[in-house]
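Notebook open, model loaded. I want to look up pockets first, then the packing behind them.

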Amino acid sequence: MAHIIVVGNEKGGAGKSTVAMHVATALCRLGHMVSALDLDLRQKTFGRYAANRQRFLEKSGLHLPSPRYHDLPEVDQASLQPGENMYDRRLSAAVAELEPDSDFILIDCPGSHTRLSQVAHSLADTLITPLNDSFVDFDLLAHVNEDGTKILGPSVYAEMVWNARQLRAQAGLSPIDWIVVRNRLGAQRMVNKEKMGAALENLAKRIGFRTAPGFNERVIFRELFPRGLTLLDLKDIGVKQLNISNVAARQELRDLIKALNLPGIEPDF
């Protein structure tokens with residue numbers, strides 16, 4: 001049975017698609033069959049990332065480990081049962097089709113609240129929530145007081161994850177392993193960074209998630225997207241000497257994969 005990884009955050013700009021593509025490619029390089037879905041049916045950033053990769057590899061004559069990207073299947077409206085949601089059927093049909101031949105199914109969710117995103121969260125064995133190191137983004141998880149030191153209560157996204165957990169429990173499925181990834185961290189030690197860390201640690205105990213370090217803000221990620229590449233592909237395309245920033249970014253990816261604690265995974269790239 002495939003392990004389902006959902007990358008979700010209802011706020012755009014947190015680096016979801018970058019994290020999704022790097023996690024998926026890392027798992028492929030570790031010898032696993034990875035299928036991928038993009039539930040942002042309008043923007044499809046992850047889908048375009050995957051398409052860029054396929055086009056670049058074909059043009060370059062390269063064969064690199066890559067996730068198998070799939071669009072959601074179309075469904076005939078007449079085939080739906082009374083009260084059945086079209087999007088529910090499309091997502092469940094996609095997962096049912098991919099599961100027999102996949103070790104992992106990675107689902108990238110849109111940066112907004114949608115029916116597809118709701119359903120995907122209830123399917124997650126592992127939920128990855130990239131979060132920019134800012135109280136603007138933290139507000140997605142919880143409301144805090146004016147100086148950021150006291151949590152006043154959970155916010156909309158945390159409540160949605162809670163509902164997904166309840167649905168899984170009712171279905172007799174294992175609990176979601178929720179990991180909040182601190183993404184786009186600055187290198188400097190700042191008061192805001194320390195406050196964010198303390199607030200996340202406090203909230204993690206209250207609503208049940210783990211935290212993991214993500215990627216620092218680096219130009220390399222923006223440069224890789226048009227070719228659909230990841231940090232793990234640089235040597236394969238002829239980059240003989242990685243600079244310090246690239247080496248550090250690879251280590252960040254290794255640390256992230258290790259922190260996810262996925263079944264059967266020991267990062268050795």
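Predicted model: local features only at pLDDT ≥ 70, side-chain atom pairs only at ≥ 80, totals over all residues.

Started with the second largest pocket: α2 gives the largest share of its lining, 6 residues. Helices here are DSSP runs of H or I with at least four residues, strands are E runs of at least two, and both are numbered from the N terminus. Residues are numbered from 1 along each chain as its sequence is written, and side-chain values use heavy atoms, with hydrogens and water left out.

I checked the rest of that lining. It has 14 residues, with Ala50, Arg53, Gln54, Leu57 and Ser66 nearest the centre. By class I get 8 nonpolar, 4 polar and 2 charged. (Nonpolar is Ala, Val, Leu, Ile, Met, Phe, Trp, Tyr, Cys and Pro; charged is Asp, Glu, Lys and Arg; the others, Gly among them, are polar.) The volume is about 250 Å³, taken as the space filled by probe spheres set on grid points that are joined across faces, edges and corners. A pocket is an open set of points on a 1 Å grid over the protein atoms alone, where a 1.4 Å probe fits, with protein on both sides within 12 Å along at least five of seven lines; lining residues have an atom within 4 Å of a point.

Next, the largest pocket. I read a volume of about 520 Å³. Its lining has 26 residues, and Gly15, Lys16, Ser17, Thr18 and Thr45 lie nearest the centre. α1, α2 and α8 each give two or more residues to this lining.

Is Ser17 buried or exposed? I find Ser17 buried, at 13% relative accessible area; buried is under 20%, exposed over 50%, partly exposed in between (1.4 Å probe, protein chains only). Ser17 sits in helix α1. Beyond four places in sequence, Ser17 contacts Thr45, Phe46, Tyr49 and Asp108 (contact: heavy atoms within 4.5 Å).

Last, the packing. The largest nonpolar core holds 41 residues, and Val23, Leu27 and Leu106 are among those with the most contacts inside it. (A core is a set of buried Ala, Val, Leu, Ile, Met, Phe, Trp, Tyr and Cys residues joined through side-chain atoms within 4.5 Å.) α1 supplies the largest share of this core, 8 residues. A second, separate core has 38 residues, including Ala2 and Phe209.
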